[in-house]
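Dear colleague,

I am handing over the structure we spoke about, with its sequence, and my notes on it follow below. Could you please look at the view first and then read the notes beside it?

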Amino acid sequence: MADADAAVPPVVVPSSAPPPAPPGGAPPKVTHHGRVAAPVASSNEDTEELPEFEPFGAPGPRGFPSLAEYLDISKVDMMKNRAEINHQQHHTDRFNTNFLIVRRGQEFQVKITFNRPYDADKDKFAVEFGIGPSPQFSKRTYMPVFPTPERQSPWAGRVVVAAGPEVTMGITPTADAIVGRYRLYVAVVTPYGIRRTCTDVSRDLYILYNPWVKEDVVFLEDEEERDECVLNESGVIYHGTWDDIAERNWNFGQFDFGVLDACLYVMDRAGMPIVNRGDPVKMARIASAMLNSRDDDGVLVGSWSGDYSYGVAPTSWTGSTDILLSYYRTRKPVGYAQCWVYAAVFNSFLRCLGIPARVVTNFYSAHDNDGNLKTDIILDENGRIDRKNTRDSIWNYHCWNECFMARADLPTGFGGWQAVDATPQETSDGMFRCGPASVRAIKHGELCFPFDAAFVFAEVNSDVVFHSRKRDGTMEVVKVKKDHVGRLILTKATGSYDSRDITELYKFPEGSVEERTVLEKGEVYGCARDQSTLPEADVELRLPALEVAVGDDFELCLEAVSRSGESRTVDAYITGSVVYYTGVTSADFLFKTPTLELEANQSGCVKELWQVPARSYMKKLVEQANLHFIATGKVKETGQIITAMKVVALHMPKLSIKVSGLNKVNELMVATVDFTNPFSLVLEHVYVHGISGYDKLTMCMAQQIVEHIFDTKLKHLCPFLSCCYTR
């Protein structure tokens with residue numbers, strides 16, 4: 001045995017490998033020692049306190065003499081009442097807060113009361129601001145502000161009014177000041193040292209981005225658009241399909257109590273250096289990673305599975321406040337989200353900090369796994385979809401955000417609206433995030449500009465390429481649809497609840513000279529399109545539009561139109577699938593193989609009709625399900641492959657809400673929610689979800705009423721649900 005042991009060669013650790021873990025398996029802790037003098041300041045919550053007295057030298061044998069004869073501070077009034085000048089002029093009066101909130105690049109006022117009248121010739125004082133641990137002037141995390149023009153710091157200061165012992169000080173932070181929560185002190189210079197006010201949390205203040213000031217990089221000149229994208233607390237998020245658009249109302253709640261602290265905590269959790277928080281480009285990029293939990297325990301856990309046992313279903317959320325406050329309170333990611341929830345919460349984050357933002361929806365959004373401008377659909381030799389080998393998907397819709405800012409890191413003209421996306425789709429620089437990408441750069445094909453312009457470009461410009469896969473595995477391109485992806489891009493209109501079409505901000509008209517130039521430019525940067533030149537088919541397949549409510553039987557129609565005037569025979573396949581809104585197939589429920597005969601010189605079209613009973617698809621539905629029909633056909637006379645696609649959004653039953661009572665703050669109101677059950681089956685576990693979260697009383701009432709109605713056995717009538725609650 002000893003010889004056998006001796007024969008075992010020693011384990012050699014390559015020099016490039018990390019050192020072995022210490023006993024217990026825990027990896028060695030990474031510290032700043034030996035690399036930098038102090039850790040990087042990255043927590044806004046950990047603000048260092050300044051000493052109340054800072055001597056100029058060592059005290060004498062009897063200590064420092066009495067400072068009673070020198071100027072001292074009796075009171076500091078932050079003028080933080082929402083009706084006072086600071087909140088009104090800085091457009092922060094809507095914040096539900098006990099603190100002063102102002103915007104950078106604009107003067108705010110603080111009233112200081114001294115122990116005697118202030119004498120500008122002999123009294124010296126300063127208002128000091130500190131943010132984060134170890135505030136330093138060189139890093140702009142410590143900033144003294146002086147009242148006299150002879151001595152100024154980067155933040156301007158002036159005496160607005162001096163009346164006896166009261167001095168009103170005007171303070172103007174720079175337009176690129178760090179955004180976050182500051183601690184304020186008033187310091188007086190004496191011959192023996194600097195005396196300060198003691199630390200008082202009530203004197204903390206928040207400084208935000210300022211889209212009202214031209215010097216700030218987030219300045220937005222259009223007043224109506226600025227009010228919409230910064231101050232509006234409610235919005236509309238669009239979903240469904242491009243020809244059957246649905247709406248979700250959302251409460252962004254950026255001014256709700258605690259939301260601002262929650263947003264700053266998100267940056268703390270990301271470890272974002274305090275010194276970088278004045279840069280909206282860096283702020284938006286880090287936030288796009290932190291709003292999802294994939295690689296950094298960020299705010300939201302994404303789930304498209306339909307199982308939401310350990311959280312809240314994405315469709316149940318109606319506002320951002322509960323999500324952000326839950327993350328701030330528990331320090332744990334919140335479940336669950338899908339693209340519109342990520343976009344809505346990201347919108348709240350950006351607006352709360354003062355960055356103009358809006359939610360946009362791209363209908364038929366390509367999610368391309370290959371990094372090109374092709375969404376590949378594989379057909380077998382007979383024209384049926386080969387689902388095993390079809391990996392790319394087209395989302396029926398996808399939501400992301402745009403935020404408005406100048407881009408000093410890009411050439412002139414590429415500032416303005418920037419696309420950012422918190423939905424975890426692909427990694428960017430090793431993390432699940434996207435943007436900010438200049439929308440103008442996307443439109444003009446400047447895909448080398450940071451960040452992730454090529455990914456967004458593909459989302460709105462991909463071709464849908466149909467391949468016929470032979471038995472030997474070779475593939476041939478048989479059809480290219482160039483106008484399917486990025487069919488329509490919407491956002492909420494300014495000042496109304498209508499939609500606004502912003503497709504032209506992302507792409508030139510289909511088939512235009514400008515579009516061809518942009519696509520050629522995109523190829524230079526690696527975004528290759530399919531170059532197949534296929535003869536135009538002389539037969540066209542069509543799937544007419546359908547409006548279908550959940551539980552409806554409906555009639556499906558396939559049309560064939562001849563363009564040649566000659567007789568044609570089309571062997572067709574049509575499949576019907578239940579798909580998630582991401583385009584991923586859940587289950588097939590229909591398969592037909594019609595043969596369409598078109599006679600020579602026939603005008604009009606040939607139709608094939610099928611009755612689709614609700615029972616064929618109802619049991620296969622998933623959350624936010626759509627019905628996806630793909631028809632493919634082969635023309636016998638020419639061998640050409642023709643295709644048609646149609647996504648049918650299922651319409652959900654509507655809720656009717658009526659409010660009665662006095663429409664006054666803090667007054668009792670009663671909301672009646674009416675719901676008509678459209679099905680001939682019993683609905684169980686009915687919940688009513690409101691802006692503020694689940695109301696248990698409401699849920700119990702709803703369930704009891706539904707059960708009571710069905711106990712009457714009136715199953716052939718539409719049951720009616722009514723429940724009341726108070727807020």
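**Notes on the structure**

Glutamate 515 is found in helix 11, which covers residues 513-524. Please keep in mind throughout that this is a predicted model. The relative accessible area of glutamate 515 is 8%, which is under the 20% cut-off, and glutamate 515 is therefore buried. Setting aside residues up to four places away in sequence, glutamate 515 touches Phe508, Pro509, Glu510 and Arg529.

With a relative accessibility of 0%, aspartate 463 counts as buried. Once its neighbours within four places in sequence are left aside, aspartate 463 is in contact with Leu373, Lys374, Thr375, Val480, Lys481, Lys482, Arg529 and Asp530.

**The annotated active site**

Which residues does UniProt list for "active site"? The unreviewed entry gives Cys339, His398 and Asp421. Although they are spread over 83 residues of sequence, these residues cluster in space, and the largest C-alpha distance is 9.9 Å.

Cysteine 339 is part of helix 7, and at 0% relative accessibility cysteine 339 counts as buried. Not counting residues up to four places away in sequence, cysteine 339 touches Trp304, Trp395, Tyr397, His398, Cys399, Thr423 and Tyr581.

Histidine 398 lies in strand 18, made up of residues 393-405, and with a relative accessible area of 0% histidine 398 is buried. With residues up to four places away in sequence again not counted, histidine 398 touches Cys339 and Asp421, and also Val360, Thr361, Asn362, Ser365, Thr423, Gln425 and Glu459.

**Packing of helix 7**

How do helix 4 and helix 7 stand to each other? Helix 4 (residues 259-270) packs with helix 7 (residues 339-353) at an angle of about 105 degrees, and their axes are 10 Å apart. An angle of 65 to 115 degrees counts as roughly perpendicular, so helix 4 and helix 7 fall into that class. On the side of helix 4 the contact is made by Val259, Leu260, Cys263, Leu264, Val266 and Met267, and on the side of helix 7 by Phe349, Cys352 and Leu353.

Strand 2 and strand 4 (residues 108-114) run antiparallel and are joined by four bridges, and valine 76 stands opposite isoleucine 112 in strand 4.

With best wishes

Technical notes
Residues are numbered from 1 along each chain as its sequence is written. This is a predicted model: local features need pLDDT of at least 70, side-chain atom pairs count only at pLDDT 80 or more; totals for chains, interfaces and linings use all residues. Side-chain values use heavy atoms; hydrogens and water are left out. Two strands pair if DSSP finds at least two bridges between them. Helices (H or I, at least four residues) and strands (E, at least two) are DSSP runs, numbered from the N terminus. Buried means under 20% relative accessible area, exposed over 50%, partly exposed in between (1.4 Å probe, protein chains only). Contact means heavy atoms within 4.5 Å. Axes are lines fitted to C-alpha atoms, for helices over the stretch in contact, and angles run from 0 to 180 degrees between N-to-C directions. Angles under 35 degrees count as roughly parallel, over 145 as roughly antiparallel, 65 to 115 as roughly perpendicular and the rest as oblique. UniProt positions are given in the numbering used here, feature names are shortened, and annotations may be inferred rather than shown by experiment.
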